[in-house]
Amino acid sequence: MSYAQRYTQAQAETAGPERLMVLLFEAALRHMNRAAADLEAGRHGDAEPSLTRAGEIVTELLVTLDPNRGAPDLCDTLGEVYKFVNARLLEANLRRDPAKALEAARVFAPIADGFREAVARLAVEQRNAAH
């Protein structure tokens, strides 16, 4: 295992639940972009695991949505976005189409950014409340 992989593993093992969610969003985007690059370069075999992993992460995000914990409309909207992203990832894999993988990433990125920003704001609020 490389030093970078060890660092990533240690980061995930010591992260709080909010940070783990950010890491999941970042990993999904990284896999989508890597798959698109592999497809553009004609490396279809290399793209498949990245597309599969991105889809697994998005599916996990989808099934963990809980409208009973508040914001049912937001859960519905996110659910539709996650389904759309997964459909594009599947199309990218079946058609070997980098544009579909890039479309999935383009749609998913604002959600990942929004969640990252919300977690950062929460961390600041928690630090301020502790002082």
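Predicted model: local features only at pLDDT ≥ 70, side-chain atom pairs only at ≥ 80, totals over all residues.
**Why the terms apply: burial, contacts, core and pocket**

Student: Why is Val 107 called partly exposed?

Tutor: The relative accessibility of Val 107 is 29%. Buried means under 20% relative accessible area, exposed means over 50%, and partly exposed is what lies in between (1.4 Å probe, protein chains only).

Student: What makes up the secondary structure of the chain?

Tutor: The chain has 5 helices and 0 strands, and its pattern along the sequence is α-α-α-α-α. These elements are DSSP runs numbered from the N terminus: helices are H or I runs of at least four residues, and strands are E runs of at least two. Val 107 belongs to helix α5.

Student: Which residues are in contact with Val 107, leaving aside its neighbours within four places in sequence?

Tutor: They are Val 81, Phe 84 and Val 85, where contact means heavy atoms within 4.5 Å. The C-alpha atoms of Val 107 and Phe 84 are 8.6 Å apart, although 23 residues separate the two along the chain.

Student: Is Arg 88 buried or exposed?

Tutor: Arg 88, in helix α4, has a relative accessible area of 17%. That value is below the limit for burial, so Arg 88 is buried.

Student: What makes the link between Arg 88 and Glu 103 a polar contact?

Tutor: The side chains of Arg 88 and Glu 103 are joined at 3.1 Å. A polar contact is a pair of N or O atoms within 3.5 Å; within protein, one atom must be able to donate a hydrogen and the other to accept it, and residues adjacent in sequence count only if both atoms are side-chain atoms. The 3.1 Å separation therefore lies inside the distance limit. Beyond four places in sequence, Arg 88 also touches Lys 100 and Ala 104.

Student: Why does Asp 38 count as buried?

Tutor: Asp 38 has 8% relative accessibility, which is below the limit, and it is therefore buried. Asp 38 lies in helix α2, and its side chain makes a polar contact of 2.7 Å with the side chain of Arg 43.

Student: Is Leu 94 buried or exposed?

Tutor: Leu 94, in helix α4, has a relative accessibility of 66%.

Student: What makes a group of residues a nonpolar core, and how many residues has the largest one?

Tutor: A nonpolar core is a set of buried Ala, Val, Leu, Ile, Met, Phe, Trp, Tyr and Cys residues joined through side-chain atoms within 4.5 Å. The largest here has 26 residues, and Phe 25, Met 32 and Leu 51 are among those with the most contacts inside it. Two or more of its residues come from each of α2, α3 (44–63), α4 and α5, and α2 gives the largest share, 8 residues. In soluble globular proteins, nonpolar side chains tend to be buried together.

Student: What makes a space a pocket, and what volume has the largest one?

Tutor: On a 1 Å grid over the protein atoms alone, a cavity is a set of points where a 1.4 Å probe fits but cannot get out, whereas a pocket is an open set with protein on both sides within 12 Å along at least five of seven lines. The largest pocket holds about 620 Å³, the volume being the space filled by probe spheres set on grid points, which are joined across faces, edges and corners. Lining residues have an atom within 4 Å of a point; there are 20, and Met 21, Thr 64, Leu 65, Leu 78 and Phe 115 lie nearest the centre. Helix α5 gives the most, with 5 residues.

Student: How is the lining of the largest pocket divided by class?

Tutor: The lining has 15 nonpolar, 2 polar and 3 charged residues. Ala, Val, Leu, Ile, Met, Phe, Trp, Tyr, Cys and Pro count as nonpolar, Asp, Glu, Lys and Arg as charged, and the others, Gly among them, as polar.

Conventions
Residues numbered from 1 in each chain as written. Heavy atoms only, no water.
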